[in-house]
Amino acid sequence: MENHMIGAAPTFRAARPPLGASGLGPALLVTAVSALVPGLAHLRAGRVAAGRRLLVGSAVGGVLVCLTASVAGPSLAEAAVSPSWLTVIVSGAVLAAVAWMWLVIASYAVVRPVAPAPVVRLLGAACVGLLCALVSAPPLAVAHYGDVQRDMIEGVFPDGQGPAPAPAPEDGAWKGPRRLNVLLLGGDADVGRTGVRTDSVTVASVDTRDGSTILLSLPRNLQKVPVWNGGGRVAYPRKELLNAVYEYGRAHPELTGGRRPGAELLKRTVSHVLGVPVHHYVLIDMRSFRRLVDALGGLRVCVPKPVPVPRRQVPAGVIREGCRTLSGREALWYGRSRTGSSDYARMERQKCLLWELSRQATPMKALRGFRKLAETFRESVHTDLPRRTLPGLVGLAGRVREAPVLSVQFTPPLITPGDPDYRLIRRTTARLLRADGRGKVSAGHDLGRTCA
C-alpha cells in the first residue's frame, strides 16, 4: 500500500552517490587512471557530457599536436638549438603541467567521498597533491632543461650580427661552403693566471658532404708570424710567438673590432698563414676543459707512456701508461704537461683528448651532466658561430663523428718554428685540401689510429 496517507511522513528517493562515496581508495584509483585517460572520472561519476568533452578533446588535441610537429615543426635536434623553438617548448611544457594538475584535481573533485571525516579529507588532499607532483614532473623537467639550453645558446652563440658573415643552413641542411674551416683555440686562462695565451691552435677543416676532417695544427712557438687584420699586415714583433697574438689583439681592438678582437685577429692571422678562409673560431680555456670532462663522468684515454705532472695537481705525480678513465684534472694535465717531452708531443696529446671528447660525449652522458655542461659552456666557451648555423651543424656533427680524421702538425721536421717556411705551409695545406686529406704528408696521420 502506497504511503500517501495524510499525516504520513513523505519519503524521497536518494540521489545516486558519486563512485568515490564508498571510500577514499576507489576515488584515488579512478583519479590516477583519469590522469592517463582524461574524462574517465567524470564518466564514472555520471557527468557524461563533461567526460566525453574531456576524452574527445584530449585525443583530438594530442593528434593535432603530433601532426603539427611532424609536418610543420623542426626535428628534435634542430629544435634543441633554436632559442625561438625552445621558448615554444618551455611554454608548452609549463601549460601541459598546469593542465595535467587541473585534470587531476577536477577528476578527484567529482569522485571524492561525500562528507568525509577530517582525517580522510586531509589524506585525500595529500594523495592528490602527490599525484599532481608526479604528473607535472615530466613536463616541468622538459621546461627546465629547455630553459637552461636556451640560456646557454643565447649566452655562447651570437645572434649573427657582426663583422664576419656566416654560412647559413636552410631547412636543417648545411648550405654553407663545401669545406667548413673552424679555428679551435685552447687558452691557458685559469685561476691565478693573467691574460690568455692560446697554446693550442688548430684549424678543423670539415668536408661538409661526408664529415671527413683534416686537423691543421700550428705550434704555439711559431715565430716571425705575419699577423694579418684582414686588410694588411700588422706591425707585430718578429720574436713574439703565435700564442701571443690573441693578447696583442685584445690590446689593440681597433685592428679588428668585434666582441673578441683577440680571437678575431688570431683567426685572420691563421687564415693568412694557411692560405685558406677560416670561417669561425671556438675558444675554450683550461678550467672549462677540466669541468667538461668531469661533467661527462671522466674521459677514457689510452696513455702510450707515462706523463709526469705536478704533484699539487695529481697526487701520484704521473699519468701512468695504459687505458683508463681520467678525471678532469688528470685529463687537463695530461694534455698540458711538457715535462720530459716537448711542445709537439703535447700538441699530439691535446688533439687526442679533443678527439676522445668528441667521441665519448654521447647524448646520455650529456643528459646526465646537462646543467653543469651548460653552465661551463656559458661561462668559458667563446665562439663567433651564429645561432642560425646551429641546425645545420647538428646534422654535420653526426657525419663528423663517423668519418675519418687526418691530423697534420706543422712542426719539425716539416718546418722550423723559429724560421718557418710559410710558403711551404700554404702549399702543404692547399695540397691536402685538394686531395681531401689523401695527399702524402710526412707529418700527417690518422688520428683515430694514433689515439686508439
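Predicted model: local features only at pLDDT ≥ 70, side-chain atom pairs only at ≥ 80, totals over all residues.
The protein chain contains 16 helices and 11 strands, and of its 452 residues 45% count as buried. Among the contacts in the protein chain with a separation of 6 or more, 69% are accounted for by residues 24 or more positions apart. The accessible surface of the protein chain comes to about 23300 Å², and 61% of this surface belongs to carbon and sulfur atoms.

Helix H10, which covers residues 328–336, is largely enclosed by the rest of the structure, because seven of its nine residues are buried. The buried residues of H10 are Gly328, Ala331, Leu332, Trp333, Tyr334, Gly335 and Arg336. They pack against several elements, including helix H9 (286–295), strand E5 (299–303), strand E8 (322–326) and helix H11 (343–360).

Val381, located in strand E9 (residues 381–383), counts as buried at 5% relative accessibility. When residues up to four places away in sequence are not counted, Val381 touches Val156, Val282, Leu283, Ile284 and Thr376. The C-alpha atoms of Val381 and Asp285 are separated by 7.3 Å, although these two residues are 96 residues apart along the chain.

The count of salt bridges comes to 17. In one of these, Glu379 is paired with Arg291, with the closest N and O atoms 2.9 Å apart. Glu379 lies in helix H13 (residues 370–380) and Arg291 in helix H9, so the pair ties together parts that are 88 residues apart in sequence. Arg291 is itself partly exposed, with a relative accessible area of 24%.

Other salt bridges lie within a single helix. The side chains of Glu356 and Arg359 meet at 2.7 Å, N to O, and these residues, being three residues apart in helix H11, are separated by about one helical turn. Glu356 is buried, with a relative accessible area of 6%, whereas Arg359 counts as partly exposed at 40% relative accessibility. In helix H13, Arg371 and Glu375 are four residues apart and likewise separated by about one helical turn, and their side chains meet in a salt bridge of 3.4 Å, N to O. An α-helix has 3.6 residues a turn, so residues three or four places apart point the same way. A network of salt bridges links Asp199, Arg220, Arg338, Asp343 and Arg346.

Finally, Arg423, Arg427, Arg431 and Arg434 form a positive surface patch. Of these residues, Arg431 is placed in helix H15 (residues 422–434) and is partly exposed, with a relative accessible area of 35%.

Technical notes: Residues numbered from 1 in each chain as written. Heavy atoms only, no water. Patch = residues over 30% accessible without salt bridge, like charges linked within 9 Å, V, L, I, M, F, W, Y side chains within 5 Å. Areas by Shrake-Rupley, 256 points an atom, 1.4 Å probe, with all protein chains shown as cover. Salt bridge = Lys/Arg side-chain N within 4 Å of Asp/Glu carboxyl O. Lys, Arg positive; Asp, Glu negative; His and termini not counted. Charge placed at Lys NZ, Arg CZ, Asp CG, Glu CD. Helix = DSSP H or I, 4+ residues; strand = E, 2+ residues; numbered from the N terminus. Buried < 20%, exposed > 50% of the residue type's maximum accessible area, 1.4 Å probe, protein only. Contact = heavy atoms within 4.5 Å.
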